[in-house]
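Biologist: Can we go through this structure together? I would like to start with a term.

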Amino acid sequence: MPSGQAIDLQEVLIEELGGETWLRFRFVAPQIAKGPDAIAYDLAAPDMEHLCAAVALPYMTEHALAGQVIVVSLADRFVEFGAADPDATQYFEAFRAQDGTCIWEGL
């Protein structure tokens, strides 16, 4: 990872939203947890772009998946999708795959 943190893939979810296929790549990144040594969003954002290019795009190719939106999320702990956990730190970014690269969506 560009930030140097250790990140593990939690799960990949596929859902239809508004006529588009969204692929959600959910990762656990314990070092974003609150505290003096936390990796802040500005340092974690390049990690999410890297995960899109290095994990999501190859995964899509390997599993013959097509999606209009790729969401990469980091959480400091396992959080079930859709569940509220006010103590968890979570970061999200959305991308579109275009010509083999990840284009930031800025949703």
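Modeller: Start with exposure: a residue is buried under 20% relative accessible area, exposed over 50%, and partly exposed in between. Keep in mind that this is a predicted model.

Biologist: Ok. Is Tyr 59 buried, partly exposed or exposed?

Modeller: Tyr 59 has 25% relative accessibility, so it counts as partly exposed.

Biologist: And which residue does Tyr 59 form an aromatic pair with?

Modeller: With Phe 25, which is buried at a relative accessible area of 0%. The pair of Phe 25 and Tyr 59 is edge-to-face, with 5.4 Å centre to centre and 90 degrees between the planes. Phe 25 is in strand 2 (residues 20-28) and Tyr 59 in helix 1 (residues 41-62), so the pair links distant parts of the chain, 34 residues apart.

Biologist: How many aromatic pairs does the structure hold?

Modeller: Two. Tyr 41 and Tyr 91 also form an edge-to-face pair, at 5.5 Å centre to centre and 85 degrees between the planes. Tyr 41 lies in helix 1 and Tyr 91 in strand 4 (residues 90-98), so this pair ties together parts that are 50 residues apart in sequence.

Biologist: New topic. What pattern does the chain follow along the sequence?

Modeller: The pattern is β-β-α-β-β-β, with one helix and five strands.

Biologist: And how compact is the protein chain?

Modeller: Its radius of gyration is 13 Å, close to the 13 Å that the globule rule gives for 107 residues, so the protein chain is as compact as a globular protein of that length. Buried residues make up 36% of the 107 residues.

Conventions. Residues numbered from 1 in each chain as written. Predicted model: local features only at pLDDT ≥ 70, side-chain atom pairs only at ≥ 80, totals over all residues. Heavy atoms only, no water. Phe/Tyr/Trp six-rings, centres within 6.5 Å; stacked < 30°, edge-to-face > 60°. Helix = DSSP H or I, 4+ residues; strand = E, 2+ residues; numbered from the N terminus. Buried < 20%, exposed > 50% of the residue type's maximum accessible area, 1.4 Å probe, protein only. Rg over C-alpha atoms; globule rule 2.2 N^0.38 Å.
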